[in-house]
Amino acid sequence: MSSDPFRRGRRSTHAALAAHGEAWVWLTGGCLALALAMIIGLLGYIVSEGVATFWPKPLESIELADGRRVLGEETERDKAPDGSGRRLIRTANFELTGKHFEWFADGEVKATTRPAEATVVERLEGGRFHGFPSRLLHGGEVIAAGSKEAWRAFGEHHPFVRRRWRQAWRIDKVDRGVLQRKLRAARLAVVRAELAGGPESPARAAAVEAEKGVAAAVEAEERALDGRTAELRAGNEGWGLEFTTAAGETVLLPLAEIVRAWQPNRLSLRERLGVYVSRWGEFLGDDPREANSAGGVFPAIWGTIAMTLIMALLVAPFGVLAALYLREYASRGPLTAAVRIAINNLAGVPSIVYGAFGLGFFCYVLGGSIDELLFRPALVADGQPTFGTGGLLWASLTLALLTLPVVIVATEEALSAVPNSMREGSYACGASKWQTIRRIVLPRALPGIMTGLILAMARGAGEVAPLMLVGVKKLALDLPIDGTFPFVHPEREFMHLAYLIYDVGFQSPNSQAAKPMVFTITFLLVAIIALLNVAAIWIRGRLRRRYVSQQF
Amino acid sequence: MSTPPPPAEPRTPTSPAGAAVDRLAVVAAGGQVPAEIHERVRQTPAVLEIDHFNLWYGTKQALHSITMPIPHGKVTALVGPSGCGKSTLLRSVNRLNDLVPSVRISGEMRLNGDPIYDKRMDVIELRKRMGMVFQRPNPFPMSIYENVVYALRIDGESRRAVLDEVCERSLRGAALWDEVKDRLGESALGLSGGQQQRLCIARAIAAEPEVLLLDEPCSALDPIATGKVEDLIQELRGLYSVLIVTHNMQQASRSSDYTAFMYLGRLIEYGPTTDIFTKPVLRETEAYVTGRFG
């Protein structure tokens with residue numbers, strides 16, 4: 001650059017701009033800003049929609065020009081093709097009207113009010129109910145009459161009814177399951193004895209005797225359970241809340257069928273929050289109901305986390321060892337280069353192909369062989385495969401295979417970033433190659449390997465297509481890891497949040513009602529992946545402080 | 001400098017001072033010249049004998065028929081301009097060059113009589129008999145304590161008392177004990193550059209090596225750290241047989257007993273340090289050590 005001020009003035013602005021390089025700053029910064037805007041926009045949309053799902057919205061009583069009255073939540077507002085405004089109202093009461101939602105043009109609506117007694121009822125079956133409480137009944141008796149009184153009495157009695165219902169439900173789900181397993185174990189023992197010694201063997205006769213004993217004991221216990229559930233259900237019998245709908249019909253809802261009810265138009269902020277938290281609690285901690293479009297997603301959360309962690313446990317050693325050989329032992333040559341290219345290409349194979357491979361090889365070949373060898377009695381007795389069908393283990397293995405290239409590539413990068421001077425220092429101390437790798441190279445490369453694992457986990461947790469083939473089901477309430485022996489059940493089918501998004505969003509009979517759930521599930525999945533990543537990043541940060549930071 | 005210069009320097013008749021032929025020019029032209037090795041080098045028993053040693057990187061020859069004994073218990077410095085093969089020679093001694101795929105060698109080296117390049121020689125056992133310190137400090141990603149006892153650990157030593165004793169002795173030997181004795185469990189990567197290099201020396205002497213190889217140990221250090229490491233080399237004198245590569249003439253003249261001048265893969269002159277620096281046989285050596293060339 002010349003120091004002559006006169007010459008500088010003569011330079012063209014074009015040259016000055018290029019020389020300063022500011023155009024490039026703007027270009028690069030602009031690209032980053034665009035990418036950020038898209039990411040933040042997408043995440044922001046998911047979060048805002050997902051978080052709002054459980055917030056109680058006001059109920060509007062709408063009087064139509066034709067004299068009809070409906071009670072519902074406004075869920076959408078847009079313009080009809082002719083340009084006039086219209087609203088989508090969640091009218092609920094499917095059993096009366098045959099629909100969950102209805103569009104109303106602004107011109108049809110005569111008046112809109114928000115009556116204080118308007119009540120939203122979430123039921124076990126049949127979707128929501130909107131109406132005004134009129135009487136609380138027990139047996140033939142009226143416990144409370146009048147809107148206010150009935151609502152107050154409902155608040156008093158509903159928790160007890162609900163508790164009894166839960167107890168009965170638990171007995172049916174857990175205790176009866178234990179009995180069934182006992183019975184099945186005894187039956188399998190008979191089959192096992194028959195397979196071992198033939199149909200006439202004394203071992204089989206003994207097993208048959210034992211089975212009879214077990215069956216008798218189970219039947220006795222079953223009867224005791226029947227007694228208890230019958231008692232609990234009898235306690236709930238006759239309790240009902242009578243509603244009047246906006247159209248004037250009278251409907252009696254059994255109290256045991258009501259999951260929760262609230263009157264949104266007169267909730268204070270604190271009560272609103274209470275409803276909100278309680279609905280979130282149900283969402284996170286309960287089983288789904290109504291074809292997954294209501295209730296909770298707990299089995300799916302559990303399945304997602306279990307599968308992701310097992311996948312990470314499987315892919316980490318496998319990928320790291322493969323990368324170690326490739327980087328530390330294999331001689332540089334065309335063969336190594338070809339292997340490396342092949343691994344990179346594996347990352348581009350469509351994931352459904354992995355799913356098909358997992359089903360064909362893991363489930364049918366590997367699982368089939370395991371069944372033949374170890375679970376033959378179950379195969380003979382039930383005609384059902386144990387490992388020879390989709391399950392948690394096979395799904396995790398399939399995803400481990402899918403994410404293997406990510407881990408191998410990241411590990412190779414991390415290994416090549418270990419300074420050669422460290423390796424030489426170790427060799428000079430008389431260490432063998434393996435000692436050098438184990439004590440120097442691997443610890444030093446660990447943070448980089450963790451990065452690969454983080455990427456693999458994020459990729460694996462969001463996969464859907466291969467999982468549909470190798471073990472994810474629409475509904476699987478038996479958790480793959482639970483309190484019954486042997487606690488981990490790798491052969492069980494499971495639920496997965498990413499699949500649930502597809503199922504609830506596109507396979508639901510009541511898709512309009514399921515839509516907010518889709519956002520909430522997506523939000524939850526993103527949050528879980530973020531949480532897993534934050535945990536892994538935290539571990540990586542600790543490792544990095546310990547092994548990599550070099551002060552100079 | 002431990003040996004005073006003798007009154008009458010025996011000069012070999014093959015190369016009288018001021019000979020007409022310029023050996024460096026001959027070498028640069030690809031020719032071979034006989035090395036000028038002073039008699040007094042051979043008077044001390046050798047810990048390491050290098051015998052007609054050649055080394056090629058692929059087709060390029062890096063070392064040309066080097067023959068030199070390394071005296072026992074003394075500090076021997078290798079000097080010469082960049083690329084003259086000093087470091088290659090050093091790395092050949094503990095066979096670190098084996099890790100470079102294209103390297104070929106011929107000739108022999110013997111450590112206390114054992115042939116280093118013999119087929120039956122176990123490289124790992126061989127390296128355990130030597131210690132090496134590199135240009136840049138290369139502490140391992142572990143604690144200070146584990147760094148020092150690394151050589152013992154890989155040998156399977158796990159008795160705490162033995163390890164503790166070796167750790168303290170080595171760190172004291174490397175003049176680092178007082179600085180780190182209260183934080184032996186902390187990461188070695190948190191030390192300063194000079195401390196790291198002294199830690200590497202401690203690591204190298206932990207296994208009581210027969211030869212200590214130092215490859216420009218001060219080139220990555222600041223002057224104060226360099227001074228400390230040089231003082232340390234002075235203290236190691238007499239305790240260990242040290243072979244040190246250096247670019248720094250003052251360092252060579254201050255801290256070594258013998259000095260070898262190398263040029264383009266050849267050994268040019270080798271003798272007691274005082275002689276090499278004050279009255280070398282060859283004027284080429286004189287030109288180099290006085291800084292007129294190189």
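Guide: Start at B:Asp51, whose bridge partner in β5(B) is B:Glu108. Strands here are DSSP runs of E with at least two residues, helices are runs of H or I with at least four, and both are numbered from the N terminus. Keep in mind that this is a predicted model, in which local features need pLDDT of at least 70 and side-chain atom pairs count only at pLDDT 80 or more, while totals for chains, interfaces and linings use all residues. Residues are numbered from 1 along each chain as its sequence is written, and chains are lettered from A and ligands numbered from 1 in the order in which they are written.

Strand β2 (46-57) and strand β5 (103-111) of chain B are antiparallel partners, with eight bridges between them; for a pair to count, DSSP has to find at least two bridges. In general, strands of a sheet pair through backbone hydrogen bonds, either parallel or antiparallel. The sheet here is an open one of four strands in the order β3-β2-β5-β6 (chain B), paired antiparallel. β3 (60-71) and β6 (114-115) of chain B are at the edges with a single partner strand each, so one side of each has no neighbour in the sheet.

Chain B as a whole has twelve helices and eleven strands. Its radius of gyration is 20 Å against 19 Å from the globule rule for 294 residues, so chain B is as compact as a globular protein of that length. (That radius is taken over C-alpha atoms, and the rule is 2.2 Å times the number of residues to the power 0.38.) Along the principal axes, the C-alpha atoms of chain B fill a box of roughly 65 × 40 × 30 Å.

Next, hop across to the other chain. The contact takes 20 residues from chain B and 22 from chain A, where residues are in contact if their C-beta atoms, placed from the backbone, lie within 7 Å. On the chain A side, α13 (420-428), α14 (433-461) and α17 (511-547) each supply at least two residues, and α13(A) gives the largest share, seven. That side has ten nonpolar, nine polar and three charged residues, where Ala, Val, Leu, Ile, Met, Phe, Trp, Tyr, Cys and Pro count as nonpolar, Asp, Glu, Lys and Arg as charged, and the others, Gly among them, as polar.

Two of those helices also pack on each other: α14(A) and α17(A) have their axes 8 Å apart, at an angle of about 175°. Axes are lines fitted to C-alpha atoms, for helices over the stretch in contact, and angles run from 0 to 180 degrees between N-to-C directions. Residues that meet there include A:Leu446, A:Met450 and A:Ile454 in α14(A) and A:Ile529, A:Leu532 and A:Ile537 in α17(A). By class, this contact has 16 nonpolar, two polar and three charged residues.

Finally, chain A has its own antiparallel strands. β2 (69-79) and β3 (85-90) of chain A are joined by six bridges, and A:Lys79 stands opposite A:Gly85 in β3(A). β2(A) and β3(A) make a hairpin with five residues between them, and A:Gly83 in the turn has a positive phi of about 100°. β3(A) also pairs antiparallel with β4 (101-105) of chain A over five bridges, and A:Arg86 has A:Ala105 in β4(A) as its bridge partner.

Terms used. Contact = placed C-beta atoms within 7 Å.
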